[in-house]
Amino acid sequence: MDTGLKRKVVLITGAAKGIGRSTALAFAREGADLGLIDIDESNLSTLASEASELGARAEYAVADLSTDDGVSGGVEKILQAYAGRIDVLVNNVGAGKIRTFDQLSDTEWDMTLQLNFMSYVRACRNVLPVMRAQGRGVIINNASDLARQPEPVPIDYSASKAAVLALTKGLARSEAANNIRINAVAPGPIWTPFWTEKGGFADTMAEFHKMPPKEAVEHELSLRQLPLKRLGTPEEVANVIVFLSSDLASYVTSSVWGVDGGSIRSLI
């Protein structure tokens, strides 16, 4: 099937690793051109080279996406590279640690919200005028199954992702008249550096459950009662993002697509 993504300009935040990286390569295989933003210059440069080998043009900007200046500067660099054009925005950047409500300070709440939510607000603020002028566009926001079914920890992460869903729904309604589709993906546990890197979900989950990291992850999965009984892969999330961004999903907006191994049990 033809996705209609060939030579479309796709901007991805948090692109250097995990779901962002797999999403960039999936778009490259569809013939899209890429704008990649991340704070991790080394992995960003490697990803750009890999995408180029697949035949895609890949421009990148190194930026701290937890700040207004970082988002604005990163987006502006990509816009300059592509003569002011962006067809698809994938808001993907995010971070989280396993901490209880009582362990979280105001500063830690603010850090989580600045990166996981305000970066999405700021990227949309910078990109929407471009899409409105073009008369078309697609925005995909990476949320989480924890936005719809929060666990006791990490409560700050869950709240930030619930805010992403509210942003998605509200903007989808306001921007439909401009022929801009806005949807969200809500991944469950996905085996990426988000989990595996030092100080990430696996390590902090180990501290919380007082178990080795591997056992702690297996215990957490048992608590969530995942029907598929495994962590997902970043490629499985990327496939859904590419579909939602494509012409194949031309009548899909204001939706939340779970890529979660069946973790969400509610009907809605």
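Mentor: Happy to! Helix 7 (residues 201-209) and helix 8 (residues 213-224) have axes that come within 8 Å and cross at roughly 80°. Axes are lines fitted to C-alpha atoms, for helices over the stretch in contact, and angles run from 0 to 180 degrees between N-to-C directions. Helices (H or I, at least four residues) and strands (E, at least two) are DSSP runs, numbered from the N terminus.

Trainee: So how are helix 7 and helix 8 oriented to each other?

Mentor: Helix 7 and helix 8 are roughly perpendicular, a label for angles of 65 to 115 degrees (under 35 is roughly parallel, over 145 roughly antiparallel, the rest oblique).

Trainee: Which residues make the contact?

Mentor: Helix 7 brings Ala202, Asp203, Met205, Ala206 and His209, while helix 8 brings Pro213, Ala216, Val217, His219, Glu220 and Leu223. Contact means heavy atoms within 4.5 Å.

Trainee: Before we go on, where does the model come from?

Mentor: This is a predicted model: local features need pLDDT of at least 70, side-chain atom pairs count only at pLDDT 80 or more, and totals for chains, interfaces and linings use all residues. Residues are numbered from 1 along each chain as its sequence is written, and side-chain values use heavy atoms, with hydrogens and water left out.

Trainee: Okay, new topic. What is the strand order in the sheet?

Mentor: The open sheet has 7 strands in the order 3-2-1-4-5-6-7, with parallel pairing. Two strands pair if DSSP finds at least two bridges between them. Strand 3 (58-62) and strand 7 sit at the edges, each pairing on one side only.

Trainee: How many bridges join strand 1 to strand 2?

Mentor: There are 5 bridges between strand 1 (residues 9-13) and strand 2 (residues 33-38). Ile12, for instance, has Leu36 of strand 2 as its bridge partner.

Trainee: And what packs on the sheet?

Mentor: Helix 4 (residues 106-134) does, touching strand 1, strand 4 (88-91), strand 5 (137-142) and strand 6 (180-187). Helix 9 (residues 234-245) also packs there, touching strand 4, strand 5, strand 6 and strand 7.

Trainee: What about Ser263, buried or exposed?

Mentor: Ser263 is buried, because its relative accessibility is 2% (buried means under 20% relative accessible area, exposed over 50%, partly exposed in between, with a 1.4 Å probe and protein chains only). Leaving aside neighbours within four places in sequence, Ser263 contacts Asp145, Gln149, Leu226 and Pro227.

Trainee: How much of the chain counts as buried?

Mentor: Of its 268 residues, 53% do.
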